[in-house]
Amino acid sequence: MNQNGNPNGNPPGINLRRAACTFVGLGTLLFLAAGTMRWAGAWMFLLEITIGGLITEAWLARHDPGLLAERRTARGQAGWDRVITTIMPLLWLTWLPLMALHAVRYQTSFIPLWLQCAGAVMIAASFYIVYRTYRENSYAAPVVKIQRERGHAAVTTGPYAYVRHPIYASGLLTYIGTPLLLGSWYGLGIVPVMAALLGLRSMMEERMLSAELDGYAEYLGRVRYRLVPMVW
């Protein structure tokens with residue numbers, strides 16, 4: 001392990017191949033289902049997801065390569081978390097083409113331009129929350145686990161002073177912003193299901209961290225809200 005907490009010793013860099021595959025793969029899902037590539041909302045979505053991801057990786061590669069390396073592995077993941085993190089991307093990959101069918105191919109949905117722009121702003125805001133979270137929490141792994149080898153400790157500053165799970169809060173913004181940007185009311189109707197999965201994961205994570213991570217139970221007593229300040 002190097003001084004930055006990277007177990008592989010070599011600092012990771014930006015994964016351009018994965019970014020390109022994400023762009024092409026999601027684009028294929030959207031445009032094939034839509035039956036056209038003349039869809040401004042989809043292009044904006046793809047650009048935001050790709051550029052936001054690359055900027056985030058570039059920042060991590062420079063400032064916290066240990067966290068970047070940790071986010072590229074799922075080792076040590078709890079079994080229940082593996083089930084949830086399998087369901088969520090499958091739901092996402094079903095959700096995107098359904099919105100393409102609804103909003104573009106069959107044109108059975110109309111969302112005004114100002115709301116589509118609001119959706120784009122929400123997605124951008126979600127990346128900013130992710131950045132603020134990574135800046136505060138070097139243990140923000142993509143899976144639920146205790147990172148004892150990296151000196152895992154409870155983080156209570158930055159966005160964690162307002163909600164217990166800022167990464168999930170950013171995900172909720174993306175879930176709401178995506179169907180708005182893509183122009184699908186039906187897509188927005190599926191958001192409660194995805195939010196429920198986030199809520200379930202947050203509660204299971206809190207149970208595990210309270211039992212195994214020093215200081216986390218006390219943190220739960222100080223910060224009341226899980227995902228949305230003043231709501232839940």
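Ala19, Leu26, Gly27, Leu30, Phe31, Ala33 and Ala34 are the buried residues of helix α1, where buried means under 20% relative accessible area, exposed over 50% and partly exposed in between, with a 1.4 Å probe and protein chains only. Helices (H or I, at least four residues) are DSSP runs numbered from the N terminus. The model is predicted, and local features need pLDDT of at least 70, side-chain atom pairs count only at pLDDT 80 or more, and totals for chains, interfaces and linings use all residues. Residues are numbered from 1 along each chain as its sequence is written, and side-chain values use heavy atoms, with hydrogens and water left out.

The buried residues of α1 pack against α2, α4 and α6, a contact being heavy atoms within 4.5 Å. After α1 comes Gly35, with a positive phi near 80°.

Helix α4 spans residues 79-105. Its buried residues include Asp81, Trp92, Trp95, Pro97 and His102. Among the elements that cover the buried residues of α4 are α1 (16-34), α2 (40-63), α6 (166-182) and α7 (185-212). Gln107 follows α4 and has a positive phi, near 50°.

| Helix | Residues in helix | Expected span | Span between end C-alpha atoms |
|---|---|---|---|
| α4 | 27 residues | 39 Å | 39 Å |

His152 lies in the loop between α5 (113-136) and α6 and counts as buried because its relative accessibility is 19%. Leaving aside residues up to four places away in sequence, His152 touches Tyr139, Lys145, Ile146, Gln147 and Leu213. Tyr186 belongs to helix α7 and is exposed, with a relative accessible area of 58%. The C-alpha atoms of Tyr186 and Leu98 are 8.5 Å apart, although 88 residues separate the two along the chain.

Trp232 is located in the segment after α8 (216-222) and counts as partly exposed, at 37% relative accessibility. Together with Leu200, Met203, Met230 and Val231, Trp232 makes a nonpolar surface patch of about 530 Å². Such patches are made of residues with over 30% relative accessible area and no salt bridge, with like charges joined within 9 Å and nonpolar side chains (Val, Leu, Ile, Met, Phe, Trp, Tyr) within 5 Å. A salt bridge is a side-chain nitrogen of Lys or Arg within 4 Å of a carboxyl oxygen of Asp or Glu. Accessible areas come from the Shrake-Rupley method with a 1.4 Å probe, and for residues only the protein chains shown count as cover.

How values were computed: Helices (H or I, at least four residues) and strands (E, at least two) are DSSP runs, numbered from the N terminus. The expected span of a helix is 1.5 Å times one less than its number of residues.
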